[in-house]
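Please look over the sequence and the structure below. A short report comes after them.

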Amino acid sequence: MKTWLLAMQQQLSRQVRDNKLPHALLFSGVDGAGQEEIAQWLINVLLCQRLKEHVDKTLNKASVLEEINADSAQLVDAVLQPCGICKTCKLFANNSYPDHLTIVSDKKNIGVELIRDLSHFFEKTAHIGDMKTALVNQADTMTVSAANALLKTLEEPTENSFIILTTDSSDLLLPTIISRCHEFEIRPPVGKELLAEFNQQGDDAFVNLSHLSELSDAESAVAFAAFRDMVNKYLFAHQHRADILAILVEHQAGYRWLEKIIVDMMRHQSGWPTVASNNEPTDSINKHQLWDIYNLVQVANGKLKTIVQVNKQFLSEQLLADIKVVLQNNEQTVEE
Ligand SMILES: [Zn+2]
């Protein structure tokens, strides 16, 4: 479990022990922050039969925790851990526990029929224990009708049922969904602190979780550096259009990389320290142009996220054409 999740696990453990856990929870944060990990842990804590028996039977809560978390110095901060060996834990680990439902979408979005399955699941009585749980990962990909169907279920919580949503784009969730859930926003460390988490050196204050693949994987780092060179040459000499287009269309991280490169240039231009772009001739592009380009990339990124059947080829060609217009505007201004 990621170390930055510890405080949240402690808080949730307290709520479970005190019987004060909300019935609808939303774990949000950037991609890779650990929302799915903590959701999985919490559901297992709720379902684990041995853990439940311990907490139920013993009135002396301190001794229960001592037993469960023997080496925890501060009992009040103890993190509950599922036993991993009871029938429930084993079934849950095999994805075959009948009183838990994980909504999995094989398509790009979660449709209304999957959420109806979820509603029906909660209408039936529990098979094994008295607890029922459901997990909706990437809840932001629910269609509007799916989200509306979920609202009804969220409005009528039953005593021993828990619905847990996760998202890396809570801005794309309907506000009515968010308002009916208790949101737990995960904020991973950034900069040096994050690098230390992964035993990496460096002092890039702006590094965050979205750059992890470049930080921890040598192949990714080389590909990113090559792409950065191409983007530089494109912006300053209109070279490598086809190469950039291919990466934007085919590489999963293409758009994120482009955004990072532009942001690094903006920081560099503003005199902020950056590791990535120390020797780029950013003077030939002015601040307004960079800002315009940044906005174009953001808009394209937004379309990629929100449009279900987006034509990535067309979108990328359009983006490069728009960037070219921005670049040409400057040349005209210089000539005048
Ligand atoms: Zn167990």
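The report covers the overall fold, the metal site, the nonpolar cores and the salt bridges.

## Overall fold

This is a predicted model. The protein chain has 336 residues, and 43% of them count as buried. Its secondary structure comes to 15 helices and five strands.

Among contacts in the protein chain with a separation of 6 or more, 71% are between residues 24 or more positions apart. The protein chain exposes about 18100 Å². Carbon and sulfur atoms supply 51% of that area.

## Zinc site

Four cysteines coordinate the zinc ion through their SG atoms: Cys 48, Cys 83, Cys 86 and Cys 89. The distance is 2.3 Å. Along the chain, the donors follow the spacing C-x34-C-x2-C-x2-C.

The site of the zinc ion is tetrahedral, with angles of 104 to 118 degrees among the four donor atoms. For four tetrahedral donors, the ideal angle at a metal is 109.5 degrees. Cys 86 has 9% relative accessibility and so counts as buried, because the cut-off for buried is under 20%. Cys 89, at 2% relative accessibility, is buried too.

## Nonpolar cores

In soluble globular proteins, nonpolar side chains tend to be buried together. Here the largest nonpolar core has 33 residues. Phe 227, Leu 235 and Ile 262 have the most contacts inside this core. Five helices each supply at least two of its residues: H11 (218–237), H12 (241–250), H13 (254–269), H14 (287–306) and H15 (312–335). The largest share, eight residues, comes from H13.

Beyond its neighbours within four places in sequence, Leu 235 is in contact with Ile 262, Met 265, Ile 285, Ile 293, Ile 323 and Leu 327.

The whole structure holds four salt bridges. One of them pairs Glu 37 with Lys 2, with the closest N and O atoms 2.7 Å apart. Glu 37 lies in helix H2 (residues 35–47), and Lys 2 in the segment before helix H1 (6–17), so the pair ties together parts that are 35 residues apart in sequence. Both partners are partly exposed: Glu 37 at 30% relative accessibility, Lys 2 at 24%.

Arg 180 and Glu 155 also meet in a salt bridge, 2.9 Å from N to O. This pair links distant parts of the chain, 25 residues apart. Arg 180 is in helix H8 (residues 175–180), and Glu 155 is in helix H7 (residues 144–155). Arg 180 is partly exposed, with a relative accessible area of 33%. Glu 155, at 43%, is partly exposed as well.

The side chains of Lys 260 and Asp 264 form a salt bridge, 3.4 Å from N to O. What separates these two residues along helix H13? About one helical turn, because Lys 260 and Asp 264 are four residues apart in that helix.

Asp 264 is buried at 3%.

Technical notes:
Residues are numbered from 1 along each chain as its sequence is written. This is a predicted model: local features need pLDDT of at least 70, side-chain atom pairs count only at pLDDT 80 or more; totals for chains, interfaces and linings use all residues. Side-chain values use heavy atoms; hydrogens and water are left out. Donors are N, O and S atoms within 2.8 Å of the metal (3.2 Å for Na, K and Ca); water is not among the atoms, so sites may look incomplete. Four donors count as tetrahedral if all angles lie between 85 and 135 degrees; four count as square planar and six as octahedral if opposite donors are over 155 degrees apart and all others between 65 and 115; anything else is irregular. Buried means under 20% relative accessible area, exposed over 50%, partly exposed in between (1.4 Å probe, protein chains only). Contact means heavy atoms within 4.5 Å. Accessible areas come from the Shrake-Rupley method with a 1.4 Å probe; for residues, only the protein chains shown count as cover. A nonpolar core is a set of buried Ala, Val, Leu, Ile, Met, Phe, Trp, Tyr and Cys residues joined through side-chain atoms within 4.5 Å.
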